[in-house]
Amino acid sequence: MTVSLPAFVAAVPTLAHTLATEYLTAPAAAPTPSELIALRQWINAEFEQIPVPVIFQDADLDLPSMLERFDADGVLAISTANISHPWLIDAENAMFRAVHDWHHLHIGADSTLDGERATFEHARKSAPSEISWILFSEIVLQAAVVIATGEFAAQKFVRAWGA
């Protein structure tokens, strides 16, 4: 069986495009109950360790803007725009975003694919191994879609070959 790649991949076959294609074409995966519990516990534990004030705002906020805000007043400003998620309630997804952005700040990673891969590796160190695939989907694959297409895709979990 031959699989034809989307036109954007054929035009610019970068790793981001390949990973974006994987995310966009893969079926949504359902976490097991124990994986979902482990994810929620990890999010809560990591969120509690953020040593700076976190504020949530209902507006798009990219990483450079968050960093500017943090440099100006020491507050971690997190967007709650487009917060809907198939497996996390809004508060959990907002907390996950805060954890992820804190990891970016903590390790000095930018929003390139390399920066997202670095934040995934950092997150994976403190997470139970059973949720590595979820973190890869949430961090690396979703970022690849934004990098490759310029748009956020609907959130889902994907069991990827790269996890």
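**Contacts, burial and the nonpolar core**

Tutor: Let us begin with a residue and its neighbours: Ile139 touches Phe96, His100, Glu116, Thr119, Phe120 and Ala123, leaving aside residues up to four places away in sequence. A contact here means heavy atoms within 4.5 Å. This is a predicted model, in which local features need pLDDT of at least 70 and side-chain atom pairs count only at pLDDT 80 or more, while totals for chains, interfaces and linings use all residues. Residues are numbered from 1 along each chain as its sequence is written, and side-chain values use heavy atoms, with hydrogens and water left out.

Student: Why is Ile139 called buried?

Tutor: Buried means under 20% relative accessible area, exposed over 50%, and partly exposed in between, with a 1.4 Å probe and protein chains only. Ile139 has a relative accessible area of 3%, and is therefore buried. Ile139 lies in helix 7, and its C-alpha atom is separated by 7.6 Å from that of Arg117, 22 residues apart along the chain.

Student: What makes Leu141 count as buried or exposed?

Tutor: Its relative accessibility is 0%, so Leu141 counts as buried. Leu141 also lies in helix 7 and touches Leu19, Glu22, Tyr23, Phe136, Val158 and Ala160, not counting residues up to four places away in sequence.

Student: Which label applies to Asn82, buried or exposed, and why?

Tutor: Asn82 has 61% relative accessibility and therefore counts as exposed. Asn82 is placed in the loop between strand 2 and helix 5 and touches Asp60, Arg97 and Gln155, not counting residues up to four places away in sequence. Asn82 has a positive phi of about 50°, although it is not a glycine.

Student: How do you know what counts as a helix or a strand?

Tutor: Both are DSSP runs numbered from the N terminus: helices are H or I of at least four residues, strands E of at least two. The chain comes to seven helices and two strands, in the order α-α-α-β-α-β-α-α-α from the N terminus on.

Student: What makes a set of residues a nonpolar core?

Tutor: The set must consist of buried Ala, Val, Leu, Ile, Met, Phe, Trp, Tyr and Cys residues joined through side-chain atoms within 4.5 Å. The largest such core has 44 residues, and those with the most contacts inside it are Leu39, Trp42, Ile50, Leu76, Ile131 and Leu135. Its largest share, 10 residues, comes from helix 7. As for Trp42, its contacts include Phe96, Val99, His103, Ile131 and Leu135.

Student: Why does the chain agree with a compact globule?

Tutor: The radius of gyration is taken over C-alpha atoms, and the globule rule is 2.2 Å times the number of residues to the power 0.38. For 163 residues, a compact globule would have a radius near 15 Å; the chain has 16 Å, which agrees. The C-alpha trace spans about 55 × 35 × 25 Å along its principal axes. Buried residues make up 47% of the 163 residues.

Student: How many side chains are positive and how many negative?

Tutor: Lys and Arg count as positive and Asp and Glu as negative, with His and the chain ends not counted. The place of a charge is NZ of Lys, CZ of Arg, CG of Asp or CD of Glu. There are 8 positive and 20 negative side chains, and the centres of the two sets lie 7 Å apart.
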